[in-house]
Amino acid sequence: MQDEYRTVARAGVHETEINRSRFLCALAPAATEQEAQDFIASVRKEHADATHNCWAYVIGADASVQKASDDGEPGGTAGVPMLQMLLRREMRYVAAVVTRYYGGVKLGAGGLIRAYGGAVGEALDTLGTLTRRRFRLATVTVDHQRAGKVQNDLRATGREVRDIRYGAAAVTIEIGLPDADVDAFRAWLADVTAGTAGFELGGEAYGDA
């Protein structure tokens, strides 16, 4: 698994005008290829009267799924430069649709490549990006007497507390840990709970860095 990846901070639209043509770049996070396709379909429906709705998406922390469409523009002048911009910015789990309303002035192949790639770049700058980092899920089990202090200490040290469950006999706290911190955390937990806490490592996931 990749240690981290970048994605778009939020869904949104950025508009730019080039030689009287309007270019609207819609971006959205997409956890799966289906989500990306659903987003593209919704934008195409919203702008059914547009000259073109070109798109690109990258799914997977390792960019394992990459697809693009020129939607009627000359081959390689729209979808591919959009995809290249996403990859150049190291974006993952993201879908982009650039809607063009033709303004009567032809841009030529070079102009189209710059326009479509540039629209994605400007939209990323406007909407912002965030980094998500890989971590290990872990479960801490502690008695009720120590649970409050452990929770406070976890938050004070910047640990990500994902879930807390109060049982009859103990409190279960789910956290996220970078792989490199596991041994140090295990020692810290034993120290603050006098060795009474349970600690169990789970699977891997991604969270905001």
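In this predicted model, the sulfur of Cys25 lies 11 Å from the closest cysteine sulfur, which belongs to Cys54. A disulfide requires the two sulfur atoms to be within 2.5 Å, so this separation is too far for a bond. Cys54 is likewise in no disulfide, its nearest cysteine sulfur being that of Cys25. The count of disulfides is accordingly 0. Cys25 is buried, with a relative accessible area of 0%, and Cys54 also counts as buried, at 0% relative accessibility.

The packing of two helices can be followed next. The axes of H2 (residues 79–88) and H3 (residues 108–127) come within 8 Å and cross at roughly 35°, and the crossing is right-handed. On the H2 side, the contact is formed by Pro81, Met82, Met85 and Leu86; these meet Ile113, Tyr116, Gly117, Val120, Gly121 and Leu124 of H3. By class, the contact comprises 8 nonpolar residues, 2 polar residues and no charged ones.

Nonpolar side chains in soluble globular proteins tend to be buried together. Here the largest nonpolar core has 26 residues, of which Leu27, Met82, Leu86, Val98, Tyr116 and Val120 touch the most other members. At least two residues of this core come from each of strand E3 (21–29), strand E4 (52–59), H2, strand E6 (94–101) and H3. H3 supplies the largest share, 8 residues. Beyond its neighbours within four places in sequence, Val120 is in contact with Cys25, Met82, Met85, Leu86, Ala96 and Val98. Apart from this core lies another, of 16 residues, including Ala147, Val161, Ile173 and Val182.

Terms used
Residues are numbered from 1 along each chain as its sequence is written. This is a predicted model: local features need pLDDT of at least 70, side-chain atom pairs count only at pLDDT 80 or more; totals for chains, interfaces and linings use all residues. Side-chain values use heavy atoms; hydrogens and water are left out. Buried means under 20% relative accessible area, exposed over 50%, partly exposed in between (1.4 Å probe, protein chains only). Axes are lines fitted to C-alpha atoms, for helices over the stretch in contact, and angles run from 0 to 180 degrees between N-to-C directions. Helices (H or I, at least four residues) and strands (E, at least two) are DSSP runs, numbered from the N terminus. A crossing is left-handed if the near helix is turned anticlockwise from the far one by less than a right angle, and right-handed if clockwise. Contact means heavy atoms within 4.5 Å. Ala, Val, Leu, Ile, Met, Phe, Trp, Tyr, Cys and Pro count as nonpolar, Asp, Glu, Lys and Arg as charged, and the others, Gly among them, as polar. A nonpolar core is a set of buried Ala, Val, Leu, Ile, Met, Phe, Trp, Tyr and Cys residues joined through side-chain atoms within 4.5 Å.
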